[in-house]
Amino acid sequence: MPGIYKLFTAIVAIIGSVSLVSTGEINPGFSIIGSILLYGYYRSLRGYRQLPREAVGALSFTTFIVFLVNFYINKDVFISVAQMTLIFQAIKSFDIKEPWDPLQVFFMSLLQLLMASELTNSIYFGIIFVLFVIFIVISILVGHFVIEGQRDFGPFLRPMAFITIVTLVLTAMFFVTIPRLRSGFWGGSLSRGIKTTGFSEKVDFGSFGRVKQDETIVMRMVVRPDKGGPYYLRGMTFDYFDGMAWYDTHKDSVRVYKTPDEFHTDVPLNAERYEAEVYLEPLDSEVIFTFKRPYRMESEGFFLREDNAGALYMRQKVSKRFFYKLFSVDGFYADKEYLASYLQIPPDIEGIKRLAEEVTAGAKTLTAKAEAIRGFLLKNYEYSLFTREPPEGVTPLEDFLFYTKRGYCEHFATAMVLMLRSIGIPARLVTGFLTGEKNEMGDYYLIRQSDAHSWVEAFIDGRWLIFDPTPPVFVPHKRGLLLFVDVIKMKWSRYVVGFSSYDQVRMATYVFNYPVIRLGMFRSLLSWIILIIITLIIISILIGGLRMRPFPYVRYRGVSAEYMRFVKRVRRNGGRLSPASDTEEVLTEAIRTGRFDRDAVRRFIEAYRFLRFSGRQDEAMLREFYEQARRLRRDHG
Amino acid sequence: MASIRLKKEGKRFLIAVVLIGFASFNTGNNLIYLIFSLMLSITLISFVLAVVNLRGLRVQLSFKEPIYAETPYSLEVEVENSKAIPSYSVSIILPFEGQRLYLPSIKRGVSRRGFEGIIIRKRGRYRVKELRLMTGFPFIFMYLYKSLEWDAEVIVYPQIMDIRPLLVDMVPLPAETGRPRITHDGEFIFAREYVYGEESRRIDWKATARTQKTMMKVFSKGDERLATIILDDAGGGMEDDFEKAVSVCASLCSELIQMGYYVRLITCRKVVPFGRGRVHLFKILDILAGIRQVDAGRCPVEELSEGLSIAVLCSDSPGISGIASQCSGVIDARYI
């Protein structure tokens with residue numbers, strides 16, 4: 001079997017295994033065992049003896065036993081199978097004997113890629129996938145010619161490149177056109193998605209020390225019109241505080257009316273409207289983060305619930321990225337149910353009450369009182385991610401308000417809510433995110449776990465007004481290349497992982513309604529595909545029609561390449577040759593220079609003429625050609 | 001007329017396409033849709049490029065020399081590709097025993113390529129109506145076949161063996177042969193088939209009437225050597241043994257004609273009268289190329305003329321047992 005075929009087989013096997021390992025779900029021990037395939041293919045490429053059939057059988061059987069034990073221990077058949085394929089790939093790397101053996105490797109790599117697709121939705125999968133397409137197509141093509149007995153692949157480079165490009169383009173076209181269904185007929189997806197931490201449905205003061213700033217991206221958001229951030233992305237509201245933690249005690253919620261792809265909430269539309277496209281990473285939460293006051297939402301495939309405080313929830317946690325579009329207005333929530341519960345205060349907070357009364361003494365209106373408390377907190381307290389354990393008999397909140405005067409958003413918001421409540425203003429704690437840095441390249445906001453935030457809503461004049469008592473904090477932003485990489489990640493997340501039937505309908509509508517190319521259409525994926533196809537067609541026409549040779553040296557592989565090298569040597573030694581010089585001129589010039597053996601030159605040229613132009617393949621002549629070429633090289637290397 | 005044969009890998013691949021398609025529809029996982037799309041595109045490319053690959057091809061075969069069974073021969077293939085793009089990895093399937101002539105690439109226009117060392121195992125007259133082209137390009141999942149019209153009859157002659165060691169004891173040395181015993185100078189000795197351009201006055205009308213072929217009288221010049229080869233094709237022999245017997249007959253005829261003999265072939269159904277030269281040899285070989293065993297029980301061959309006669313047998317109960325005993329030599333093909 002030719003070395004090049006073994007090499008491509010090795011690459012495909014490595015891509016398959018890396019696709020699994022890169023998900024981060026594989027036990028490192030199995031990853032290390034899987035990496036033995038590198039040694040296996042090294043041996044294979046060096047032509048070392050491959051494992052006998054019996055040894056391969058015994059190792060495979062052992063692997064199966066390992067799989068059973070592994071499955072018994074971790075109870076996860078999917079991961080167990082994935083880990084088993086890593087070992088099988090490693091074993092197979094020692095058993096590449098026949099031209100058919102690589103086919104098993106290809107199928108196994110495909111299986112690994114398939115499993116990886118269920119374990120991750122990272123951009124790295126996309127990179128691995130593109131590499132897989134390129135190498136699997138070339139490998140199968142090489143395999144075809146190997147099976148047909150060919151050993152020189154030079155003449156086939158161009159069709160190989162062409163077929164690889166066509167495969168990539170067709171794959172993209174199939175991807176966008178295959179109808180998106182999610183039947184869930186047989187168990188649904190096993191996808192584990194990515195579980196991130198940071199945002200929590202519970203606000204708890206039970207832990208102390210330094211809060212880790214988690215830079216994991218939670219969501220990306222495009223806002224139109226964008227009037228400049230930061231924007232509050234509302235998640236949950238909390239009504240009950242027991243001194244240590246907040247709880248949402250109003251569990252009643254209603255299902256939101258839904259047309260095929262849209263949810264509608266009952267909100268008057270007499271205010272300025274906004275659209276926000278949110279690309280949410282998987283969170284361990286059912287919460288939908290809303291922008292301003294939403295009245296409509298476009299998304300796919302799940303129920304939506306709205307609680308009495310206007311917080312939106314999915315039916316269940318989603319373990320993959322998903323996309324939703326919010327249509328919102330400037331406005332405030334105005335729910336009046338359970339107002340009494342928003343005046344609840346824990347026992348023994350007389351100190352806090354006295355402080356609130358002191359701070360709001362000069363304020364006439366409720367709004368002014370609330371602003372006075374917010375101003376007091378902003379002015380006199382410091383933002384810090386480090387909190388100490390409070391002394392005996394002191395609650396964390398009292399420690400913040402009266403002793404340390406340092407805390408993070410939850411301390412500020414909790415303090416304000418309790419101060420408001422203590423002077424009779426209904427208030428609640430709201431958790432969610434504050435839009436972080438803006439990616440100017442992609443014109444969207446990046447929201448990280450570290451942007452998780454708490455603020456206050458106070459019921460004043462029949463509306464829930466927003467107050468944020470936390471001092472602003474400077475956060476260094478990403479720059480340059482990192483922003484560009486994030487744009488790519490965003491596109492991957494939106495147009496591949498999050499591609500949906502909704503997008504297909506939009507694309508179809510776009511294509512049928514807007515046949516004329518406009519500048520704006522370059523934003524859509526379909527436009528990119530069309531652009532790529534048109535570009536490829538133009539390049540093909542140029543290459544074919546104008547007889548251009550993008551890779552001229554490829555033509556001269558083998559015999560022709562050797563001849564071209566000789567021509568170059570003749571020229572270097574004073575031969576007056578032009579690109580149009582024929583073999584006779586080369587012969588004459590080579591002899592004229594007196595630098596080459598006359599007999600060798602004559603025999604070399606004659607052999608070349610025969611091999612190049614007779615259309616016959618003659619082993620003896622080929623040997624003669626290379627023999628003379630060696631002679632000539634020896635003389636004038 | 002095109003047809004497809006899925007290879008084992010192709011069947012597996014299609015099963016995988018169906019399963020992955022099901023998985024993608026079941027889970028709604030876009031990354032599985034991505035893999036499904038890849039597999040669909042490979043399937044489509046596999047089929048479309050194979051069809052395009054065979055389109056616009058015309059093939060002409062030319063044999064440079066007579067074809068003998070079990071003997072390497074060479075042929076030249078002329079391929080015309082009328083497409084704008086080259087074809088790759090095309091095989092021409094020879095209609096005799098399914099041999100493949102592989103063409104790695106066929107550029108636009110007419111190209112010729114010689115193939116050597118091709119062997120056909122069985123003699124016979126191959127009536128060919130079509131030539132099949134096959135390609136597995138670009139991948140390894142299927143073969144696409146396309147038939148091209150090619151109306152021809154190809155004759156594969158029996159294998160010619162080196163029979164000289166057997167002839168040593170049977171064929172008299174030139175000195176011993178002398179003149180034919182039944183004739184003297186200038187006398188009629190036998191009739192042979194007419195060859196274009198011969199004088200009509202020597203036509204043997206009686207023999208012509210008997211054989212339904214134009215026969216010529218041959219007159220002795222004193223150095224004629226006659227040989228009659230009798231093939232036992234009366235059935236009863238094993239197929240392999242009969243094939244050997246046919247091959248021995250062909251080899252004997254070839255050798256004796258080369259030695260200058262007038263050679264006659266007698267089988268149970270057919271007789272090729274005496275003759276010599278290359279043309280006569282191929283008349284005999286034509287008969288032997290298509291000969292089959294007849295279920296005759298006994299062969300009606302009874303009469304032997306003068307000269308060397310060799311019976312070639314292939315069974316224990318030959319249909320020509322009666323006449324074999326009169327022959328100057330008997331060869332049992334089973335022991336060769």
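**Reading strands and rings**

Q: Which residue of β4(B) is the bridge partner of Leu61(B)?

A: Leu61(B) has Val77(B) in β4(B) as its bridge partner. The model is predicted, so that local features need pLDDT of at least 70 and side-chain atom pairs count only at pLDDT 80 or more, while totals for chains, interfaces and linings use all residues, and side-chain values use heavy atoms, with hydrogens and water left out. Residues are numbered from 1 along each chain as its sequence is written, with chains lettered from A and ligands numbered from 1 in the order in which they are written.

Q: Over how many bridges do β2(B) and β4(B) pair, and in which sense?

A: Two strands pair if DSSP finds at least two bridges between them, and strands (E, at least two residues), like helices (H or I, at least four), are DSSP runs numbered from the N terminus. Here β2(B) and β4 (residues 73-81) of chain B pair over seven bridges in the antiparallel sense.

Q: What is the strand order of the open sheet in chain B, and which strands stand at its edges?

A: The three strands run in the order β2-β4-β7, with antiparallel pairing. In chain B, β2 (57-63) and β7 (109-118) each have a single partner strand, so one side of each lacks a neighbour in the sheet. From one strand to the next the twist averages 20° (axes are lines fitted to C-alpha atoms, for helices over the stretch in contact, with angles from 0 to 180 degrees between N-to-C directions).

Q: How many aromatic pairs does the structure hold over all chains?

A: Rings of Phe, Tyr and Trp (its six-membered ring) pair if their centres lie within 6.5 Å, with planes under 30 degrees apart counted as stacked, over 60 as edge-to-face and the rest as tilted. The structure holds 41 such pairs over all chains. Among them is the tilted pair of Phe64(A) and Phe67(A), at 5.9 Å centre to centre and 35° between the planes. Both residues lie in helix α4 (residues 53-74) of chain A, three residues apart, about one turn of the helix.

Q: Are Phe64(A) and Phe67(A) buried or exposed?

A: Buried means under 20% relative accessible area, exposed over 50%, and partly exposed in between (1.4 Å probe, protein chains only). Phe64(A) is therefore partly exposed at 39%, whereas Phe67(A) is buried at 12%.

Q: Where does the charged end of Lys292(A) sit?

A: A charge sits over a ring if NZ of Lys or CZ of Arg is within 6 Å of the ring centre and within 35 degrees of the ring normal. The charged end of Lys292(A) sits over the ring of Tyr274(A), 4.9 Å from its centre, and Arg428(A) lies over the face of Tyr342(A), 5.3 Å from the ring centre.
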